Amino acid sequence: MTLTRAVKDEALRLGFALVGVTTPAPPPHLSAFENWLSMGRHASMNYMRDPRRRDPLLVLPGCKSILVLAVRYPNPGKVSQDENPPAAGRVAAYAWGDDYHLVLPDRLKQLVVFIETLAGNSFQHRCTTDSAPLLERDLAQRAGLGWIGKNTCLIHPTMGSYFLLAEILLGIELEADQPFTADRCGRCTRCISACPTGCILPDRTLDARRCLSYLTIENRQEIPVNLRRRMGNRIFGCDICQQVCPWNRFADQEYDPLFKPRNTLSSPELRSELSLSPQDFDRKFTGSPILRSKRRGYLRNVAVALGNSRDCSAVPDLEKALHDPEPLVHEHAGWALEQIRSGERKQDQIMNKILLATNNPGKILEIKALLVDLSFALLTPADLGLVLEVPEDGESYADNSAKKAVAFARVSGLTALGDDSGLEVDALGGLPGLHSHRFSPDPDASDADRRKYLLERLSDKPRPWTARFRATVAIALPSGEVRLATGECEGEIVPVERGSNGFGYDPIFLIPGLGRTMAELGMNEKNRLSHRALAVRNAIPILKELLD
Ligand code: B12
Ligand code: SF4
Ligand code: SF4
């Protein structure tokens, strides 16, 4: 066995999830980095200007090869957690457990000892995990670990992107791997649309000045006022552009025991976080990445999240924080109080108003028509100037509709109505998700491609292919209380498309009693028979009970 093979096997045995080798040549996309710096997109991270980033030989003169390694942390979309407990914050998944800067070096050293033993002599080396001035993602791509996605993260085809990188610069030569040259993002742009601050740029870099991860972790100053609402309940880091990425949805779920989440770190209760004294903060976060933002930065973020929660019960805690010795904390507490008070003022004016938690004009028309007889005013996000993307990454229609309704209710202070719906086909186990982007091996597929794929999957199954469209409507109050109503319509899948208008699976979903597909129904029939219409109608008594 070659030395390189033996080293790689040992790396995997030690628990690294991925390992590759590259040369110490300058990073391949240096020009993108230079441009990023020259445009000031590194914000206040002046350490990014270290000239050694341009050349690994300046980090370890005499370096002959670089081992690039990856270690996986939990996928926040998959680890079960209470999505939206009242007034809880959200911490990026890489920070749920111990700080990688502290726990990875030991494992890296063990690997060095192994290599030295095998090579029969010691040699120059340097272990690093974000502790040396390197362009780690660029080196990882050249070492074959994955491609750099549009969200700028390094992505592996079966592991997604929830992993951290580490390197060992070696004074001996190992056999370099081929770079990962394929770009598996294709035409997908989900991360770009989902980013709440629009900071992802077309050249696979981002503008850190607007990125919530930068603003909540690295930034030592105030959060810019115009971006505070966009933080939602994010109090340390941000995973949105990874959560919406199809490569994470389909990734297998293992993570390294080194990153086992600590209790409640994924969604800490905001009010108790705001009252952490300097001693409490140090005690609670010893060994955690959260220590990096320091107490003043963390409490600044918590105050903003409380303001965004519009939770009136937080007023006494925020009033107390107005006297915090840290100017950063009391300024943000003042802003948060103003949010809650203006929310209360608005609340007085908005009794009996319902916010439709969707930006889809067709859906809005449909739901408004169904609720026309109600005495409540129906508002849309556009009416409130609200821009809020909620990723549909739940396990069921109920999960997704509740997520949307809760997010809109919390941000607007209104009762919100969210929906999610789709097709379940008996011959395929009737699983939810047999629709839109949750059902396709290709994240880039169009609706027509997905329809084609569904029919291919069905082709060897006995007929008739019975199916149902199911919709769930969730009604959420600003307090976080959620009620659900469902509606379904039974049908059959016809293999030949019978209509060209209609969306998604509508043209192949046949309603046997009528002999027509969903796409062939007139608007009035749709408003009477469709799964969504039934769910919305079932929601009416709930709305009356909650708002009358
Ligand atoms: C500064 C920094 C940040 C900044 C800026 C991030 C950024 N995208 O630039 C902030 C604070 C915002 C940040 C956030 C996060 N970070 Co950070 N961060 C870093 C750090 C220290 C440097 C990154 C850097 O060099 N940025 C400069 C830009 C220009 O470089 P780049 O993003 O790598 O971009 C390269 C590509 O765009 C490439 N490129 C350009 N064009 C093209 C075209 C093609 C075809 C290809 C293939 C490549 C390519 O060239 C660029 C230059 O090399 C690295 C550690 C390190 N030393 O490398 C960790 C690192 C990138 N961060 C990491 C993590 C985990 C995060 C967060 C997920 C944390 C969180 N949940 O909040 C977020 C993710 C946000 C995001 N979408 O990037 C991991 C990423 C692991 C992975 N799977 O990719 C790293 C590698 C740390 C580590 N050791 O694991 N981070
Ligand atoms: S980490 Fe959040 S704010 Fe930053 S680019 Fe990703 S989605 Fe946007
Ligand atoms: S969301 Fe889509 S575009 Fe963004 S990184 Fe993932 S695959 Fe690429």
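These notes walk through a predicted model, point by point.

1. **Ground rules.** Residues are counted from 1 along each chain as its sequence is written, while chains are lettered from A and ligands numbered from 1 in the order in which they are written. Since this is a predicted model, local features need pLDDT of at least 70 and side-chain atom pairs count only at pLDDT 80 or more, whereas totals for chains, interfaces and linings use all residues.

2. **The domains.** Start with the overall layout: the protein is divided into domain 1 (3–82 + 96–170), domain 2 (190–246 + 260–349) and domain 3 (353–547). These bounds come from an automatic or database domain assignment.

3. **Where domains 2 and 3 meet.** The C-alpha centres of domain 2 and domain 3 are 32 Å apart. Across the boundary, 13 residues of domain 2 are in contact with eight residues of domain 3; two residues are in contact if their C-beta atoms, placed from the backbone, lie within 7 Å. On the domain 2 side, two or more residues come from each of helix H6 (190–194), H9, helix H13 (294–309) and helix H15 (327–349). H15 gives the most, with three residues. By class, this side of domain 2 has five nonpolar, six polar and two charged residues. Helices (H or I, at least four residues) and strands (E, at least two) are DSSP runs, numbered from the N terminus. As for the classes, Ala, Val, Leu, Ile, Met, Phe, Trp, Tyr, Cys and Pro count as nonpolar, Asp, Glu, Lys and Arg as charged, and the others, Gly among them, as polar.

4. **Ligand 1.** Which residues are the closest to ligand 1? They are His29, Ala32, Ala92, Ser213 and Gly237, out of 42 that surround ligand 1. A residue is near a molecule if its C-beta atom, placed from the backbone, lies within 6 Å of it. Helix H2 (30–38), helix H5 (136–142), strand S5 (147–148), strand S7 (163–170) and H7 each give two or more residues to this shell. Its residues divide into 24 nonpolar, nine polar and nine charged. Domain 1 and domain 2 each supply at least three residues to the shell around ligand 1.

5. **Ligand 2.** Look next at the 13 residues around ligand 2, where Cys195, Cys211, Cys238, Ile240 and Cys241 come nearest. Helix H7 (212–218) and helix H9 (240–243) each give two or more residues to this shell. The shell around ligand 2 has 10 nonpolar, three polar and no charged residues.

6. **Ligand 3.** There are 13 residues around ligand 3, and the nearest are Gly149, Cys185, Cys188, Cys191 and Cys245. H6 and helix H10 (246–249) each contribute two or more residues. The shell around ligand 3 counts eight nonpolar, three polar and two charged residues. At least three residues come from each of domain 1 and domain 2.

7. In soluble globular proteins, nonpolar side chains tend to be buried together. Here the largest nonpolar core has 93 residues, of which Leu67, Leu69, Ala303 and Leu306 touch the most other members. Domain 1 and domain 2 each give this core at least three residues. Apart from it lies another core, of 41 residues, including Ile354, Ala407, Ile475 and Ala533. A nonpolar core is a set of buried Ala, Val, Leu, Ile, Met, Phe, Trp, Tyr and Cys residues joined through C-beta atoms within 7 Å. Buried means that 20 or more other C-beta atoms lie within 10 Å of a residue's own, exposed means 12 or fewer, and partly exposed is in between, with C-beta atoms placed from the backbone.

8. **Helix H17.** Does H17 count as mostly covered or mostly uncovered? Mostly covered: 14 of its 16 residues are buried. At 1.5 Å a residue, the 16 residues of helix H17 (residues 397–412) should span 22 Å, and the end C-alpha atoms are 22 Å apart, which agrees. The expected span is 1.5 Å times one less than the number of residues. Just after H17, Gly413 takes a positive phi of about 75°.

9. **Backbone points to check.** Most residues other than glycine have a negative phi, and most peptide bonds are trans. Ala43, in the loop between H2 and helix H3 (56–59), has a positive phi near 55°. Lys294, found in helix H13, also has a positive phi, of about 60°. Arg463 and Pro464 are joined by a cis peptide bond, with omega about -5°; Pro464 lies in the loop between helix H18 (447–458) and strand S12 (466–476).
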